[in-house]
Amino acid sequence: MSNFRSIKNPSIAVIGIGYVGLPLSIEFGKKYNTIGFDINNYRISELKKFNDKTNEVSKTEIKRSKYLNFTSNPDDLKIANIYIVTVPTPILKNKTPDLRPIKKATSLISKFIKKTDIVIYESTVYPGLTEDICVKILEKKSGLIFNKDFYCGYSPERINPGDKKNKIYNISKIVSGSNRKTLQIIYKLYSSIIRAKIYKAQSIKVAEAAKVIENSQRDLNVAFINELSIIF
C-alpha cells in the first residue's frame, strides 16, 4: 500500500447517488477528485444541472463541490483508487434483504479495481456480508487477492433524511478496515471531511453490527412511540 501512505491525492468514486451518496460525494468533491456514479441517467442529468430531487442538498452546495463530476458511464470509474458503495439494501416481501444492488455495484467495481485500491461499503448490511459476499465477488471477478492486492472497509451511513441541522460533516461516524493500515487510511480520509467524532471499530464485522444495532434501536423507539400515541 505504498501509494496510500497519505490521502493527499486520492481519486474517489461514490457508487449510488441517493440521499446517502450525494452528500458524501459533495463533501469529498470539495477536496478531492470525486466521481458521483449512478445508473439512473435522469438522476445524473438533474445533478449536472445542480438539481437534487431528494432535497438533501441545495444548488449552492453542489456548485461548491468543485472537484466533483457526476456520471452514469462506468468507464469513468477507471481513474478511481477508492470506491465507496452507498447503494440501497431494501427488504424483500419475505423480510430478507435484497442484495442485488450491492452485488451489482461490487461486480461493477471488480472490472476496474487495481492493486492497492480500497473499497468501502456504507450500505446497511448484516455482520459478515462485506467479507463473506462482497470480497468474494471482488476476488473472483478481478483476479486480485484480498488484503494483498486490494483492501476493504465498512463505514455505516448515519444520515437522517430531511434533517437540515445535522449534516454529514457533524454526525459522528464509525469506520473499519480489513487491516490496520487500511483502517488508518479510511480514518484519515473521513476525518478530512467530518468534524464530529470518528470511532475506529475493531473489525469490519463490528462496524456492520453497530449499524444493525442502531437501526433496530431506532425502529423499536418509533414503534414504542406509535403505540403510546394510540394509547394516549
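In this predicted model, strands β5 and β6 run parallel to each other and are joined by four bridges. To find one of these links, look at isoleucine 120, whose bridge partner in β6 is glycine 153. Together with α5, the two strands form a right-handed β-α-β unit.

Now turn to β6 itself, which is covered on both faces. Tyr151 and Gly153 are buried on one side, while Cys152 and Tyr154 are buried on the other.

Which residues does valine 119 touch, leaving aside its neighbours within four places in sequence? Its contacts are Tyr83, Val85, Ile109, Ile113, Leu138, Tyr151, Cys152 and Gly153.

The largest nonpolar core has 33 residues, and Leu77, Ile102 and Val119 touch the most other members. The largest share, six residues, comes from α5.

A second, separate core of 32 residues has Leu22, Leu24, Ile185 and Ile198 among its members. In soluble globular proteins, nonpolar side chains tend to be buried together.

Finally, have a look at the open space. The largest pocket holds about 750 Å³. Its lining is made by 31 residues, with Thr86, Val87, Pro88, Thr89 and Ser123 nearest the centre. Helices α4 and α7 are the elements giving two or more residues to this lining, and α7 gives the most, with six residues.

Terms used
Residues numbered from 1 in each chain as written. Predicted model: local features only at pLDDT ≥ 70, side-chain atom pairs only at ≥ 80, totals over all residues. Heavy atoms only, no water. Core = buried A, V, L, I, M, F, W, Y, C linked by side-chain atoms within 4.5 Å. Buried < 20%, exposed > 50% of the residue type's maximum accessible area, 1.4 Å probe, protein only. Contact = heavy atoms within 4.5 Å. Pairing = 2+ DSSP bridges. Right-handed = clockwise from strand over helix to strand, strands pointing away. 1 Å grid on protein atoms, 1.4 Å probe; cavity = no way out; pocket = protein on both sides within 12 Å on 5 of 7 lines; lining within 4 Å. Points joined across faces, edges and corners; volume = space filled by probe spheres on them.
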